[in-house]
Amino acid sequence: MDHVTKEVRSRIMAGIRSRGNTTTELPLGKLLWAVGIRGYRKHWRVAGKPDFAWPGRKVAVFVDGCFWHGCSCKTLPRTNTEFWRNKIETNKRRDRRISRTLRKEGWTVIRIKECKIRRPSVLARIARALD
């Protein structure tokens, strides 16, 4: 059980910022650069702030961490399981809502799971969307 109120916990968690994204954004950015896919903007100010965006072509790429976005390669923690199940389901609903919103605005949305970043098909999907 948490020792602070829900509001206090929310403020604490909102204040935590990521550092590096060494398993998601950085590896994909290096791969994009290595194969010559450039011209992207990071965290473009549209719905969901995509990790990589090509605004002129309306292509948005989100790199989703496996645990936080409910990939089957991860399992739920054994403690506080209901909390984590709800948290991850909420994240998945938000992902679907953001993708739907961007698609309605004419964007091509690509979502890549952390565990699949290094697959050749990922770069091929992005390249096809940019053509």
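Student: Is Asn80 buried or exposed?
Tutor: The model is predicted, so local features need pLDDT of at least 70, side-chain atom pairs count only at pLDDT 80 or more, and totals for chains, interfaces and linings use all residues. Residues are numbered from 1 along each chain as its sequence is written, and side-chain values use heavy atoms, without hydrogens and water. Buried means under 20% relative accessible area, exposed over 50%, and partly exposed in between (1.4 Å probe, protein chains only). With a relative accessible area of 52%, Asn80 is exposed.

Student: What is the phi of Asn80?
Tutor: Asn80 is found in the loop between β2 and α3; helices (H or I, at least four residues) and strands (E, at least two) are DSSP runs, numbered from the N terminus. Asn80 is not a glycine, yet its phi is positive, at about 55°.

Student: Which class of accessibility does Lys49 have?
Tutor: Lys49 is placed in the loop between α2 (25-34) and β1 (52-54). This residue also has a positive phi, about 40°, without being a glycine. At 38% relative accessibility, Lys49 counts as partly exposed.

Student: What span does helix α3 reach from its first C-alpha to its last?
Tutor: Helix α3 (residues 81-104) has 24 residues.

Student: Which residue with a positive phi follows α3?
Tutor: Within α3, the buried residues include Ile88, Asn91 and Asp95. After α3 comes a residue with phi near 95°, namely Gly106.

Notes: The expected span of a helix is 1.5 Å times one less than its number of residues.
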